[in-house]
Amino acid sequence: MGNLCPKRPRPRLLPGKSTDAALNNQKLNRYTPYPPAPDTQETANNAGCEVLIGLYDYTGRNNELSFLKNDQMIVIDKSDSEWWYVRHSTTGEEGYVPYNYVTIADSLDTKPWFFGNINRKDAEMLLLAKETTSGMFLIRQRDKEQGGFALSIVSKEDNESFVKHYKITSKNGQFWINERRMFESLDELIKHYSELPDGIFKALTTPCVKSKPVLTDLSKELRDQWEIPREDIQLLGVLGSGQFGEVRKGLWKNSTTVAVKTLKPGTMSAASFLEESKIMKRCKHKNLVLLYAVCSIGEPILIVTEFMSNGSLLCFLRSPGGEALSFEELIHMAAQIASGMAYLEKNNLIHRDLAARNILVGEEHVVKIADFGLARLIVDDEYNSQQGSKFPVKWTAPEAIMKSVFTTKSDVWSFGILMMEILTYGGVPYPGMSNAETIQALQKGYRMKAPPECPSSLNSLLQGCWRQKSEMRPTFEYLCDFFENFFVSVENSYKDIEDEN
């Protein structure tokens with residue numbers, strides 16, 4: 001289902017400097033059916049005139065409201081989780097706005113340096129993925145305690161960048177890194193440490209740049225009715241091709257960049273696809289590629305999704321940018337994939353074709369799972385037969401190959417194979433073996449080993465993913481926790497904080 005690209009061997013795996021990772025998983029997003037336009041007077045009275053401020057410019061369509069960054073709006077209705085109904089404070093116009101483009105006025109979210117409840121590893125990835133300058137920083141909510149914060153700063157020395165973290169204590173309206181120097185606000189704290197280091201390793205310079213958030217829908221009107229006319233989509237260059245079609249860059253209504261998967265005629269039933277798309281459309285998680293719209297009337301079927309700038313993980317791993325990834329960055333990618341799969345697991349959804357070719361890479365090394373659920377809809381005897389050349393034997397669990405039994409546990413097996421692709425920078429699983437030889441070897445108990453540079457705990461995990469009895473394999477919830485906390489046993493949290501108190 002994914003993109004094809006030339007094979008490029010990767011001879012080495014270089015572990016880097018260990019750092020700890022997240023201690024808590026992000027909360028999963030929930031799907032909420034879109035409400036009708038609210039009764040303005042009644043809901044305005046109930047909302048208590050809550051004031052919002054625009055974080056980014058937004059151009060609305062139909063019953064949506066256009067606004068600019070820093071524009072103020074009055075909340076009329078927030079009952080929907082993703083589209084809020086508001087009144088513009090200046091123009092008096094009303095309409096829906098995307099929830100992640102606005103925030104409560106005077107909240108910390110309006111500050112360019114505040115990144116909310118992200119974990120330590122995500123902060124490092126954000127700071128290191130940017131055009132880094134020494135002293136670039138951000139402040140984030142700490143996972144461990146309510147009301148606590150952390151300051152993350154990047155340093156660039158001798159062409160090497162690294163991030164240090166400092167705990168900010170918040171108590172009785174005061175904030176401090178060191179009790180000898182207290183501040184009435186985070187703004188004051190930042191101002192002070194921008195003028196001189198005063199005990200921290202680097203004076204603060206510029207805030208880390210915030211990327212514009214991804215819209216969960218192309219527009220409010222496409223929230224529940226996502227069948228769109230073909231003329232709304234302009235197809236641009238080809239991003240990749242596979243056995244069942246190609247992926248192209250596209251524009252929706254000449255304004256929004258999207259990715260468009262064009263399926264070869266006869267690949268799948270339009271009726272079956274529409275049923276499956278209802279499930280795909282409801283799935284909202286930061287590590288799942290968003291389904292925006294479909295064109296299922298006529299052929300080819302078009303699947304319109306969010307655009308991921310760096311293409312498939314397989315091709316990315318084999319590129320110069322992928323070859324430059326550190327061991328920590330590879331583990332961070334694994335944690336993101338496990339998080340997305342844990343969401344599918346919790347919602348009793350099966351992917352069936354989990355592989356690096358079906359993982360997409362965006363900016364700042366964000367990875368998202370694509371094509372979940374589509375494999376079972378393919379009308380192709382070769383793809384659905386273990387004997388066929390198209391069937392992804394090397395990624396498929398034995399029970400799925402021999403008995404067509406697909407479960408979350410067969411996805412766990414595939415995740416183990418995907419991890420080998422990641423650890424070998426796009427290497428082919430079971431190198432030198434044909435599909436038939438792979439099946440025979442598995443039946444005899446053969447399992448691949450992680451590259452020798454990998455920690456033994458990682459190899460043990462992979463062997464657990466490939467247990468013959470599916471019920472003995474780990475859950476994705478466990479895998480997510482494993483990778484998010486991968487370095488905790490090696491390195492204590494906030495190791496960079498000097499004990500000066």
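Trainee: Which residues of helix α11 are buried?
Mentor: Buried means under 20% relative accessible area, with a 1.4 Å probe and protein chains only. In α11 (residues 456–465) those are Leu458, Asn459, Leu461, Leu462, Gly464 and Cys465. Helices here are DSSP runs of H or I, at least four residues, numbered from the N terminus. Mind that this is a predicted model, where local features need pLDDT of at least 70, side-chain atom pairs count only at pLDDT 80 or more, and totals for chains, interfaces and linings use all residues. Residues are numbered from 1 along each chain as its sequence is written, and side-chain values use heavy atoms, leaving out hydrogens and water.

Trainee: What do the buried residues of α11 pack against?
Mentor: α7 (327–346), α9 (408–423) and α12 (476–484). Contact means heavy atoms within 4.5 Å.

Trainee: At what angle do α9 and α11 pack?
Mentor: Axes are lines fitted to C-alpha atoms over the stretch in contact, and angles run from 0 to 180 degrees between N-to-C directions. Here the angle is about 145°, with the axes 8 Å apart. Val412, Trp413, Gly416, Met419, Met420 and Leu423 of α9 meet Leu458, Leu462 and Cys465 of α11.

Trainee: Which residues have the most contacts inside the largest nonpolar core?
Mentor: A nonpolar core is a set of buried Ala, Val, Leu, Ile, Met, Phe, Trp, Tyr and Cys residues joined through side-chain atoms within 4.5 Å. The largest has 65 residues, and Leu313, Ile337, Phe415, Leu418, Met419, Leu458 and Phe483 have the most contacts inside it. α7 gives the most to this core, 12 residues.

Definitions and conventions:
Buried < 20%, exposed > 50% of the residue type's maximum accessible area, 1.4 Å probe, protein only. Helix = DSSP H or I, 4+ residues; strand = E, 2+ residues; numbered from the N terminus.
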